[in-house]
Amino acid sequence: MTDSVSHQQEDLPVEMQSSKLKPSFSWQGIFSLLMFFYMYLPILVLTFYSFNESAYSANWQGFTLEWYIKLFSDTRVLKSLQNSLTVAFVAVIISAVIGTLMSVGLARYQFTGKGLYRGVSYLPLIIPDIAIAVATLVFLAVIGTPLSLWTIVAAHVVFCLAYIAFVVSSRISSLDPYLEEAALDLGATPFQAFIKVLLPELMPAIIAGCLISFVLSMDDFLIASFTAGTGSTTLPMEIFSRIRTGVKPDINALSVILIVASGAIAFVGELLRYQGEKNRLQ
């Protein structure tokens, strides 16, 4: 058997034998590596200089954790972080309730103008943030509402609602519509069928949409800057106000923390969505 295999290998052309020995490189793989390098090189540089002992980012003087430690004693940063967390939590909770109900209504019921309503509901996904910011500011001025932290919440609900509804809609479209009907036939009320049958199936998508919306709300600067009142500075607004005088290592450290936190939340959201799809297919 060994002799026959070796004899077959000897019959192969020299070019085919040499191609098996050489590692295969494709231009697609090389292009992907270059693109990832181009995308993440600024983040790597930012992370590197966040540990710089020098107060000037372009002058490396040694490794230190001083800037990370100072962040936790900076009252302005902590206050803006508190504002951002308040806005994100409240906006996501409101959007989760309304977005879930809206997705269920669009998927399970027929009514006049359904297609138009669906399109309008998802418009914030494609409308530029500057347009949403200006429209919200004009609306608040027309109705005479003073700008405050809660006007930022109202503005963030607009785009958070669209993201959560989009994620939940993609999930509910893949569910068996006869699950609720079976529960109703067994004596459950429509509310019980929704709470005990449909909602558990939608929960992974709801959580994933909430986490994505939370990250987007925490990172938003443009809409918040248009709708914020006095004393309602969010974390991105605080960062922007500080970099006007130059990028310092403390801003680098704060940016690294935000990037890591946002990446972790987005990863958890995608993992939950993937696990939900996996469990559904099993």
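How many aromatic pairs does the structure hold?

Guide: The structure holds 7 aromatic pairs, a pair being two rings of Phe, Tyr or Trp (its six-membered ring) with centres within 6.5 Å; planes under 30 degrees apart count as stacked, over 60 as edge-to-face and the rest as tilted. One of them joins F89 and F214, whose ring centres lie 5.1 Å apart with 55° between the planes, a tilted arrangement. This pair bridges distant parts of the chain, since F89 belongs to helix α5 (residues 75-108) and F214 to helix α10 (residues 190-219), 125 residues apart. Helices here are DSSP runs (H or I, at least four residues; strands are E, at least two), numbered from the N terminus.

Two points on the basis of the description are in order. The model is predicted, so local features need pLDDT of at least 70 and side-chain atom pairs count only at pLDDT 80 or more, while totals for chains, interfaces and linings use all residues. Residues are numbered from 1 along each chain as its sequence is written, and side-chain values use heavy atoms, with hydrogens and water left out.

The two partners differ in their cover. F89 is partly exposed, because its relative accessibility is 47%, whereas F214, at 12%, is buried. Buried means under 20% relative accessible area, exposed over 50%, and partly exposed in between (1.4 Å probe, protein chains only).

A further pair consists of Y122 and F166: the ring centres are 6.0 Å apart and the planes stand at 85°, so this pair is edge-to-face. Y122 sits in the loop between α6 (114-121) and α7 (129-142), and F166 in helix α8 (residues 149-172), so their pairing ties together parts 44 residues apart in sequence. Y122 counts as buried because its relative accessible area is 16%; F166, with 47%, counts as partly exposed. Elsewhere, ring pairs link F51, F63 and Y68 into a cluster.

S169 touches both Y122 and S103, residues up to four places away in sequence not being counted; contact means heavy atoms within 4.5 Å. S169 is buried, because its relative accessibility is 14%. A polar atom of the S169 side chain lies 2.7 Å from the backbone oxygen of A165.

Helix α10, which holds F214, also contains E201. E201 is partly exposed, because its relative accessibility is 30%. E201 touches R171 and L175, again leaving out residues up to four places away in sequence. Between E201 and R171 the C-alpha to C-alpha distance is 8.5 Å, although 30 residues separate them in sequence.

These details belong to a chain of 13 helices and 0 strands. Of its 282 residues, 34% count as buried. Among contacts between residues at least 6 apart in sequence, 72% join residues at least 24 apart.

Terms used: A polar contact is a pair of N or O atoms within 3.5 Å; within protein, one must be able to donate a hydrogen and the other to accept it, and residues adjacent in sequence count only if both atoms are side-chain atoms.
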